Structure formats: C-alpha cells, structure tokens
Amino acid sequence: MPETTRELLTTGGWKELTFGPFRDEVTIHWIRNFEDDQPGVALLKYEAGASVPRHRHEGLETILVLDGVQSDETGDYARGCYIVNAAGSEHSVWSDTGCVVLIQWDRPVRILEEETT
C-alpha cells in the first residue's frame, strides 16, 4: 500500500489540492517533505511569468510537467515532458505561461543568486 497517493495528477487532479507559499508566484503542495536522508516530493505551481533563480542541485532532481510549459536555459518543456537534472547541475527556471510540475529532489537545492527588485 502506498504511503501517500494523489489521484489522477496527469488529468488535472492537482486542481483540487491545497498549495502553500514556496517562492514569489510559485506555490507548493508537499506530497512528502524532506526527512533525514529521504527525498522530497511535491507539486509546484508557477503563475504566468514566475521564476526560480539560478540554483545548484545537491542531489538528483526529476520533474514531470503536468500542465503548461516550464523553461530553463536548455529549452521549453510542455505537458508530459520528463526532465532529469543531475547532482551538481545548475540552472534557473521560469514559466511564461504558468505551469504545474511534479518534482522530486534527492536533496534541497542551493540558491546561487537571489532575485533582485
């Protein structure tokens, strides 16, 4: 039996979930928070124009785009795209249109440059 389930995420089941603050214009729904050496699993919802500044992956990160388009310096990733970012890799992330992604981090990321206003 699974520890936690979220029904029908690929067909919009995430729309019924509660999201909380993560970064400016990006909200989070934790499926499994980081605990000891266990990875974190969450849904991130980006508003149109939202971004996350350049950061380094301290562990493996995997992403499945559930809705919209997520972008980084290497391309644009639409619904259904699966992205793997290796430990030690760096990038910034944004969404011009808004998006929802399922994400798993082996370790929390390290922000390299904070947003300036």
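**Aromatic contacts and cysteines in a predicted model**

Good morning. I begin with lysine 45, whose charged end sits over the ring of phenylalanine 19, 4.4 Å from the ring centre; the criterion is NZ of Lys or CZ of Arg within 6 Å of the centre and within 35 degrees of the ring normal.

This is a predicted model, in which local features need pLDDT of at least 70, side-chain atom pairs count only at pLDDT 80 or more, and totals for chains, interfaces and linings use all residues. Residues are numbered from 1 along each chain as its sequence is written, and side-chain values use heavy atoms, without hydrogens and water.

The chain averages a pLDDT (the predictor's confidence in each residue, from 0 to 100) of 92.

How many aromatic pairs does a search of the whole structure find? There are 4; rings of Phe, Tyr and Trp (its six-membered ring) pair if their centres lie within 6.5 Å, with planes under 30 degrees apart called stacked, over 60 edge-to-face and the rest tilted. Phenylalanine 22 and tryptophan 105 are stacked, because their planes meet at 25 degrees, with centres 6.2 Å apart. Tryptophan 105 is buried, at 7% relative accessibility, whereas phenylalanine 22 is partly exposed, at 35%. Here buried means under 20% relative accessible area, exposed over 50%, and partly exposed in between (1.4 Å probe, protein chains only). Phenylalanine 34 and tryptophan 105 form a tilted pair, at 35 degrees and 5.9 Å between centres. Ring pairs link Phe22, Trp30, Phe34 and Trp105 into a cluster.

Finally, the cysteines. The count is 0 disulfides, a disulfide being a pair of cysteine sulfur atoms within 2.5 Å.
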